[in-house]
Amino acid sequence: MKTLGVLGGMSWESTQHLYALLNRGVAQRLGGLHSAQLVLHSVDFAAVAALQSAGDWAGAAQRLGAAAAGLQRAGAEALVLATNTMHRVAAEVEQAAGLPVLHIVDATGDALRAAGVRRAGLLATQYTMEPGFYRDRFRTRFDIDTVVPDEAGRAWVHRLIYDELCQGRLEAASREGLRQQVTALAERGCQAVILGCTELGLLLPAGSPAAVPLFDTTELQARAAVDWMLG
């Protein structure tokens, strides 16, 4: 089994979920007492969130790159970023660590393409929904168009993530609100919706009743990482 580095804490609520998925995936494949061979660096999310809010992506890249380099020294052979938003600096993290990042868009794009999806809704932080880095990768690598909510919808989802989910709050009313966002995207011709924030699947898991199928990036990232570890 190869050793995987996990750069997490953004937020720790979703990182613990990813940690469980990785270990369960290895156990299901190998049986017995097997678990995932991991090294984990969990950052203080408040510091990273402040850099995000300030638009200091270079500073965020430097902070995560230093943590990733530490994971390489600890024996990691590849990395996963336990966050969608910070894939914005995935290239800088790869360079700092000298290790490949198993990109969350690639894991999700493979699953969407296998399902025949060509137009997908995207729910995520505003930092993920509004710039081109995430949506362009779906288009150029997988020929998948992504659609995001309107301005009010984007603001609502962003607040949900930071004010509730990252703080461990899973509210029934917010779950219904998220379903309404899925329905609105389906009405705009989306064949599926990407849960493009690692916390969203905690509130509305893939397989939940919704207007169209849900693709949970955290679950798909974990599946691809287990394939890599055991490949």
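Student: Let's start with the cavities: how much space lies in the second largest cavity?
Tutor: Happy to begin there, and do keep in mind that this is a predicted model. The search of the whole structure finds two cavities of 30 Å³ or more. In the second largest cavity, the space comes to about 30 Å³.

Student: Which element gives the most to the lining of the second largest cavity?
Tutor: The residues around this cavity are Val6, Thr15, Tyr19, Leu22, Leu38 and Leu40. Two elements give two or more residues to this lining, namely α1 and β2 (38–42). With three residues, the top contributor to the second largest cavity is α1.

Student: And by class, how many charged residues has the lining of the second largest cavity?
Tutor: Let's go through the classes. The lining has five nonpolar residues and one polar residue. As for charged residues in this lining, there are no such residues: the answer is no charged residues.

Student: What is the volume of the largest cavity, and which residues are the closest to its centre?
Tutor: The largest cavity has a volume of about 80 Å³. It is lined by 13 residues, which divide by class into six nonpolar, six polar and one charged. Both α2 (45–54) and α8 (151–164) supply at least two residues of that lining. Closest to the centre of the largest cavity are Met10, Thr83, Thr85, Thr125 and Glu199.

Student: Moving to the open spaces, which elements give two or more residues to the lining of the largest pocket?
Tutor: The largest pocket has a volume of about 210 Å³. Its lining includes Leu21, Arg24 and Arg29, along with Glu219, Arg223 and Asp227. By class, this lining divides into three nonpolar, two polar and five charged residues. The elements that give two or more residues to the largest pocket are α1 (12–30) and α11 (217–230).

Student: Which element gives the most to the lining of the second largest pocket?
Tutor: This pocket holds about 160 Å³ of space, and among its lining residues are Val80, His103, Asp106, Leu220 and Ala224. The lining residues divide into six nonpolar, two polar and four charged. With six residues, the element that gives the most is α11.

Student: How do α5 and α11 lie to each other, roughly parallel or roughly perpendicular?
Tutor: Their axes are 8 Å apart, and the helices pack at an angle of about 95°. Angles from 65 to 115 degrees count as roughly perpendicular. The angle of this pair falls in that range, so α5 and α11 are roughly perpendicular.

Student: How many residues of the contact of α5 with α11 are nonpolar?
Tutor: On the α5 side, the contact is made by Ile104, Ala107, Thr108 and Ala111. On the α11 side, Thr217, Leu220, Gln221 and Ala224 make it. Three of the contact residues are polar and no residues there are charged, while the number of nonpolar ones is five.

Student: Let's turn to the sheet: which strands are at its edges?
Tutor: Three strands form an open sheet with parallel pairing, in the order β2-β1-β3. Strand β1 (residues 4–8) runs parallel to β2, and five bridges join the two. An edge strand pairs on one side only, and that describes β2 and β3 (78–81).

Student: One last point: what is the value of phi in Asp143?
Tutor: Asp143 is found in the loop between α7 (132–142) and β5 (145–147). Most residues other than glycine have a negative phi. In Asp143, though, phi is positive, near 55°.

How values were computed:
Residues numbered from 1 in each chain as written. Predicted model: local features only at pLDDT ≥ 70, side-chain atom pairs only at ≥ 80, totals over all residues. Heavy atoms only, no water. 1 Å grid on protein atoms, 1.4 Å probe; cavity = no way out; pocket = protein on both sides within 12 Å on 5 of 7 lines; lining within 4 Å. Points joined across faces, edges and corners; volume = space filled by probe spheres on them. Helix = DSSP H or I, 4+ residues; strand = E, 2+ residues; numbered from the N terminus. Nonpolar A, V, L, I, M, F, W, Y, C, P; charged D, E, K, R; others polar. Axes fitted to C-alpha atoms, helices over the stretch in contact; angles between N-to-C directions. Parallel < 35°, antiparallel > 145°, perpendicular 65-115°, else oblique. Contact = heavy atoms within 4.5 Å. Pairing = 2+ DSSP bridges.
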